[in-house]
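My entries follow the order in which I looked things up.

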Amino acid sequence: MAYSNRNQQIVELFPKLPNYRLAQIEEALFSPEIRSWLDVSTLPKAMREKLDKDMPFMSVTVDEIVASIDGDTHKAAIIVEGGQKIETVLMKNKRGMFTICVSSQVGCAMRCGFCATGKMGLIRNLEAEEIIDQLRLWQQYLVDNMGEDDRISNIVYMGMGEPLANYENVKSSLNTILKHTDIGTTRITVSTVGVLPRLEQVLADEDWPHVRMAVSLHSADKATRKEIVPTSYDDFLPKLADWSRRYLERFGNRRHHLTFEYVMLKDINDTKHHATLLANFVNRIGTVRVNLIPYNFTDCGFAASTIDTITAFRETLDKKGVVVTTRRTQGEDIAAACGQLVKKNEK
Ligand code: SAH
C-alpha cells in the first residue's frame, strides 16, 4: 500500500520505529482533543519533542471558517503547503449528524463548463494527509463548537478536484480514514467525472476500499455531454454503461449502489427529451440512482432549471421506474454549494 507523506516523514525521523509507536501516533492524530505533539501522552517525552520540532501536527492551516445564515453549513478556507487555498465544507445532514465534503486537488484539470473550480486549472494533487486533515480539522471544530453528541457520519469527495485523477493519494486517505474512524464504506462517496481507465482500476484494485461511487453524468446525450463536460468523448456513454454493469455485478446491493449525478442546467440538459434519454440509459444498465443537482450560480453563462422543470424531469424519470433524488442545496449564501468552491484572494 502506498505510504502517505506523513508516514514516510515519521519513518525518516525515527528509523526502526516499532509498529506500535506508529499506531500510537496515528491514533493521536485522530483524537480531536489532542492539538499538539507535546500532548500525545502515550509517547515518550523525547519523541514528542522531536515530533514537535520537526513535523507539523496538522498538514494544513485554517485561513477562515464561515457559517451559513441558518447555521447548518460551514465552509473552511484552508492553506496548504505552497500557500494555495483549498476549501472543505461541513454540513448538517438529514440524520442530524454531519457530512463533510473534502477536496482532493488544488484546482482541477477537467474544465467542466458550469463548475467554478474548473476555471482554475490544476495546480497540484493533494497529499493523502492533506485530504485526511480536512476531516481532522472538522473533528476538532465539532469538539470546540458543537454539542457533545455531534459527530461526522458521512464523507463526500465532492470538493475541489477530480478524485480519480489523484488515485493513489485518494485511496490512501480512504484506507486511513476507514482504519481510524467508525465511518464505514457505505458512508463515504467518491464522486468522479468518469475517468474510465481509473474506474477500471477501481474494479481491479484489491486495495481500493469499496466506498460508494457517484459518476457525474450530466447528460445521456453524447453531444450535450461533450458540450458541458469537455473531457467527454464519442464512445464515453456506452463505455460507462459497460463499466457500470460490471461494477453493479460485483458490488451492487441495496446498501451499496451506484449514483449518476446530474446538474440541472436550464435549456441545456433539462428537457423532456433529455429525461427520456437519461431514463433509457439508466434502465439499460440496471439499478442506478439518479441524483439531480440544482445548479448553483458560478458566473459562467449557465442558468438554473426552474423548480417546475426539475419536478417535470423527475416525473418523467419516475414514470420510467428510475430511482431519483434531488439534492438539497446547502450553503449557497457562503458559496459553499457544489461547484462554487474556488480559490479566492490568490497570493
Ligand atoms: N470532480 C468530481 C467532483 C466534483 S464536485 C466530479 O466531477 O464528480 C461534485 C458535483 O458537483 C459534481 O457532480 C459536479 O459536476 C457538480 N457541480 C459542479 N459545479 C456545479 C454547480 N455550479 N452547480 C451544481 N453542481 C455542480
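**Helix α9**

I listed the buried residues of α9 to begin with: His-274, Ala-275, Leu-278, Ala-279, Phe-281, Val-282 and Ile-285. I then checked their directions around the axis; they cover an arc of only 165 degrees, which puts them on the same side of α9. An α-helix has 3.6 residues a turn, so residues three or four places apart point the same way. I note here that I am working on a predicted model.

Which exposed residues sit on the face of α9 turned away from its buried side? I found Lys-272, His-273 and Arg-284 there.

Helix α9 has 14 residues, 272–285, and at 1.5 Å a residue it should span 20 Å; I got 20 Å between its end C-alpha atoms, which agrees. After α9 comes Gly-286, and I read a positive phi for Gly-286, near 140 degrees.

I looked up what the buried residues of α9 pack against. The list is α7 (222–228), α8 (236–251), β10 (258–264), β11 (288–294) and α10 (307–319).

**Ala-241**

For the α8 side I picked Ala-241, which lies in helix α8. Setting aside neighbours within four places in sequence, I found Ala-241 in contact with Phe-281 and Ile-285. Both of these residues are on my list of buried residues of α9. Ala-241 and Ile-285 are 44 residues apart in sequence, yet I get 6.0 Å from C-alpha to C-alpha.

**Strand β10**

I turned to β10 next. Seven of its seven residues are buried, so I put β10 down as largely enclosed by the rest of the structure. In a regular strand the side chains alternate between the two faces of the sheet. I sorted the residues of β10 by direction: Leu-258, Phe-260, Tyr-262 and Met-264 point one way, Thr-259, Glu-261 and Val-263 point the other way, and all are buried.

Which strands does β10 pair with? I found strand β9 (residues 212–216) joined to β10 by four bridges, running parallel. In that pairing Ser-216 stands opposite Glu-261. I also found β10 and β11 paired in the parallel sense over seven bridges. There Tyr-262 has Leu-292 of β11 as its bridge partner. I followed the chain from β10 through α9 to β11 and noted a right-handed β-α-β crossover.

**Strand β7**

Strand β4 (residues 98–101) pairs with β7 in the parallel sense over four bridges, and Thr-99 stands opposite Asn-154 of β7. β7 also pairs in the parallel sense with strand β8 (residues 188–192), over three bridges. Here I noted Tyr-157 opposite Val-190 in β8. With helix α5 (residues 167–180), β7 and β8 make a right-handed β-α-β unit.

**Domains**

Where is the protein chain divided? I have domain 1 at 5–54 and domain 2 at 61–334. Their centres, taken over C-alpha atoms, are 33 Å apart. The contact takes 10 residues from domain 1 and 14 residues from domain 2.

Key:
Residues are numbered from 1 along each chain as its sequence is written. This is a predicted model: local features need pLDDT of at least 70, side-chain atom pairs count only at pLDDT 80 or more; totals for chains, interfaces and linings use all residues. Side-chain values use heavy atoms; hydrogens and water are left out. Helices (H or I, at least four residues) and strands (E, at least two) are DSSP runs, numbered from the N terminus. The expected span of a helix is 1.5 Å times one less than its number of residues. Buried means under 20% relative accessible area, exposed over 50%, partly exposed in between (1.4 Å probe, protein chains only). The arc is that of the directions from the helix axis to the C-beta atoms. Contact means heavy atoms within 4.5 Å. Two strands pair if DSSP finds at least two bridges between them. A crossover is right-handed if, with the strands pointing away from the viewer, the path from the first strand over the helix to the second runs clockwise. Domain bounds come from an automatic or database domain assignment.
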